[in-house]
Each structure stands twice: as structure tokens, then as C-alpha cells.
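Dear colleague,

I am passing on a structure for you to look through, and my notes on what was found in it follow directly below. Please read them with the structure open beside you.

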Amino acid sequence: MFRTQYDSDISIYSPEGRLYQIEYAMQAVAQGSTALGLKSKTHAVVVTLMRSSDELSSHQRKIFKVDGHMGIAISGLTADARVLLKFMRNETLHHKFVYGSDLPTGEVVSSLAMKSQRNTQRWGRRPYGVGLLVIGYDGGKTHLYQTSPSGNCFSYYAQAIGSRSQSARTYLEKNFKEFPELGLEELVLHGVKALKESSGKETLTKLNVGIAVVGKEQKFEILKPNKVQTYLDQILQTEGEIEIENENENEKDQEAETLELKLD
Amino acid sequence: METYLGEKQQARQWSPYINNGGSCLAVAGDDFAVIASDTRMSLGYSIKTRYSTKYLKITEKCSIVSSGMQADIFTLHKVLKSRAQIYEQKHGKPMSTDAVAKLVSRLLYYRRFFPYYTFNIVAGVDEDGVGCVFSYDAIGTLERVKYSASGSGSSLIEPVLDNQVALKNRNDIKKEEFKLTKEYAIDLVKDAITSAGERDIYTGDFVEISVIDLNGTHEDKFELRFD
């Protein structure tokens, strides 16, 4: 009811104590196509659905490498994401140059959160209209963080952001208890299955699905389309198998009938 | 300052530079390059450590070895490593060997008036898959060559390479008949640096040797004399 009165500037609170401009920025994140992340004890994975504006254009990249041990998946304003990516790359490279070690994922996410918050309280600036899922492996542990335009950041076992992400999140909520002990292949499969939940009418192909992995003895790597296809095939095969099983059962019934006839 | 004898005494000037010794060399073939350096770090007539690396792999197709002052070698290598990562992030692909060679030259010249005390050799395969070696002086003079040696043992190694790779001053073999194979080059590099270790007191302990071709870089290590 008060929305239109209190949403014209970032510096105006609503009577309920909300900053609508930040919430509108988070809406920009929700408009982007789905990106989800999940982790086990040894690996962290991001899976994204890449949109293309029309048949002639390429699919919008949503996964970017930050450093050998860290990467991000984005949802929202890609241009804003590029700025944050440059910041993260700078931070990690500087740390590596000065201290000779990998910058812990949590630290760079905290710096990002500070940076995002500054834009919610400065004259003439606007919040970054992008949400990031940051995956990393450092200190012997896997990490998955979500950052948002508000400057809040949380650590997750699994999370999905973007349009129709609720379906993916429901799938992840159902299955996340078994993630910690899984191997890389099964973890990625879960990710792709979760993405399928929120893909709606869009068919998943190797061109519009992006997958990246990082973990123990696995540097951050964006999987090539052919590798992505192997996971998609496995998903299709499992669905196909359910159909084939049903067919087999029908066949077995038929065989039993013919045997009975022969005994006669 | 004048003494009672009326002689001028020369004050000892502090120098920011020291030489930690060591030898480096590289040889280029038609489709490969071999690069090697010893690992001894000396100061005066003492050994500071038997293992201090002078070698850096910059990309799968390009590496650098440097001799001179260890502090400057370490810093130069650090800067190079960061610059290679920045390039890869900006351009979406690793630096070509030619780009690395030019970058090293520029980094060195940037310090024209307080140089890095480093004598570098960059080696790798270029965009066409042909082996290449680039040698430098302390302020970045760049020259592409077939082979090069630098460091305390360079005057012992360079003539050997002149004779065995460029076939200079040889009456027993014709240039047209000679083919520089990978095995020949690796053995030559190993023998050359081992021989340098025999006579040069600053060369010894371990050698890091690396063979670079289109398939990537294969690194190895072997022992020299510890005396």
C-alpha cells in the first residue's frame, strides 16, 4: 500500500522498515535464468540454464572462473556481474601475489558483501542487480555461498536462484542430506536433475546447460559441452529406463501366458 | 679521508646487488625446447641453500629460467606469474610464447634505472609449434636464438652449445647432415650443465630440466655434484 510512496530512492525506508529499492534489485536477480549450486565433502558444483535472446544469438554465459580454486555462477544483470567478477579476480590475485596462497572463499565473499552494502547507502549509487553463487575449495573444505544485492551473504549446502528456482530448491531440499558423501559424478547428476525441475518447457541441451566443478584435486573447471551431454544422456536414460521397465513387465506377463498354453 | 701517509682511502660503497650464482641454459629444436637450471644458491664462497628454484613454468608452452640475484629472480617470477594469470583472464586463453618474451622484455626495461639483477632465458614452442629460445640482458634486450646459456657457468656452457648445436668450428660433420633430435638435445643439456658443475664452484646440487613441446611441459630433476 505504501510502496509507491517509499520506493523512489534507496535512502528512503518504508513505514514497515523495508528498503524497496533493494527488494527491486533482488527482483532483478529473480528475473535471471536459473543457477544452482550444491556441494559434497569433496566437491562443489554449479549448474546453470543459459538463455539466448533469439535463435541467431549465442547463449549468455553464466559461469566464470575467479581463480584456480574458486568460481561463480550469476543470475541477474550480467554487466553488474562482470564488475563484481573483476573485483573478485583482483582480490584473489593480489592475495596470491602477496601471501603465496589461495584466498579463502569466505573472505572474498565477505569483501563482496561489504562492497554490495556500500552501494545501498551512498548517494547516487544503486545496488548491484545480480546474485552470485560462489563455489570454492580451500582449507580442505568445500564452500558454497550466495550473495545478493542487499549485501547479505550466506553459506549453503545447496541453493538455487533465478526464475523458477523454487522447483529446483524443492528438489535440493528433498535430497540434500545425501550430498555430503556423494562422488563428483552423482553430485553433478543431482544438479542437472534439479535444473530440469526448473527448466519448464525448455529442453536441456549441451548448448544451454552450463556446469562447473571444483574440489579436492579438482581445479575450478567449466565442463565442455560434450561432457555436459554425457550427464544429459544419463538423465534421459534414467527416464527411458523407467519406461522400458514398464514395457518389460508387460512382456513378462505375455511370456507367462504362452508357457501355460504350451504346457497344455 | 686522508691518512698520515697522505693516501686517499676509498670508502666501501654499499651495493643493493649480490650474485647468488648458478647456471641456466636452453636449447630449441624444430618442434620442442629444452630448458634447464641448477638449484644452488651461493653467497661469496658459501652455499646458502642447495635447493632454490630458478625455474618457472609460465604456461604449458613456455617457461623461464633466471640466474643472478635470488631476491630479484623470486620477485620477477612472482610478477610474471600474476601477469600471465591476468592475461589469461582478460583474453580467455594462455599467453603465447612470443607474448611472454615481449612481456619479460618490457618488465625488465621498466626497471631501466634500478634493474632486476637477473639474466633470463625464456624457452618454449611458438604459435606454429616451432621451438624457440629468447635470451635477455638485465635491462630487457631481447633476442630470439636457437640456444642460450646464462649465469656463472655460462662461459663454460656457451662454447659447448656453439660446437654441438650450431656446429661451429667442426670439420667432422656438415650442417645439412645434422638433425637436432629431442633425445640428443636432452642429453646435450644434461651433459653441458653437468660439465659446468664440475668446474664452476657456483653450479651444482640439483638440476631442474624441462622439455616443452605441443603436448605440454614435462618436468624432471636430477642430481649434480654436491661439492
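In the largest nonpolar core, which has 28 residues, A:V45 and A:I211 touch the most other members; a nonpolar core here is a set of buried Ala, Val, Leu, Ile, Met, Phe, Trp, Tyr and Cys residues joined through side-chain atoms within 4.5 Å, and buried means under 20% relative accessible area with a 1.4 Å probe, protein chains only. Among the elements of chain A that give two or more residues to this core are β1 (35–39), β2 (43–49) and β9 (209–215), while α6(A) gives the most, with seven residues. A second, separate core of 22 residues includes B:V34, B:L180, B:A185 and B:F222.

This is a predicted model, in which local features need pLDDT of at least 70 and side-chain atom pairs count only at pLDDT 80 or more, whereas totals for chains, interfaces and linings use all residues. Residues are numbered from 1 along each chain as its sequence is written, chains are lettered from A and ligands numbered from 1 in the order in which they are written, and side-chain values use heavy atoms, with hydrogens and water left out.

Turning to the two chains together, six residues of chain B are in contact (heavy atoms within 4.5 Å) with seven residues of chain A. The area buried between them, meaning the accessible area (1.4 Å probe) that two parts lose on being put together, summed over both, is about 640 Å², and carbon and sulfur atoms give 53% of it. B:K78, B:Q85 and B:Q89 supply 69% of the area that chain B buries against chain A.

Best wishes

Note on methods:
Buried means under 20% relative accessible area, exposed over 50%, partly exposed in between (1.4 Å probe, protein chains only). Helices (H or I, at least four residues) and strands (E, at least two) are DSSP runs, numbered from the N terminus.
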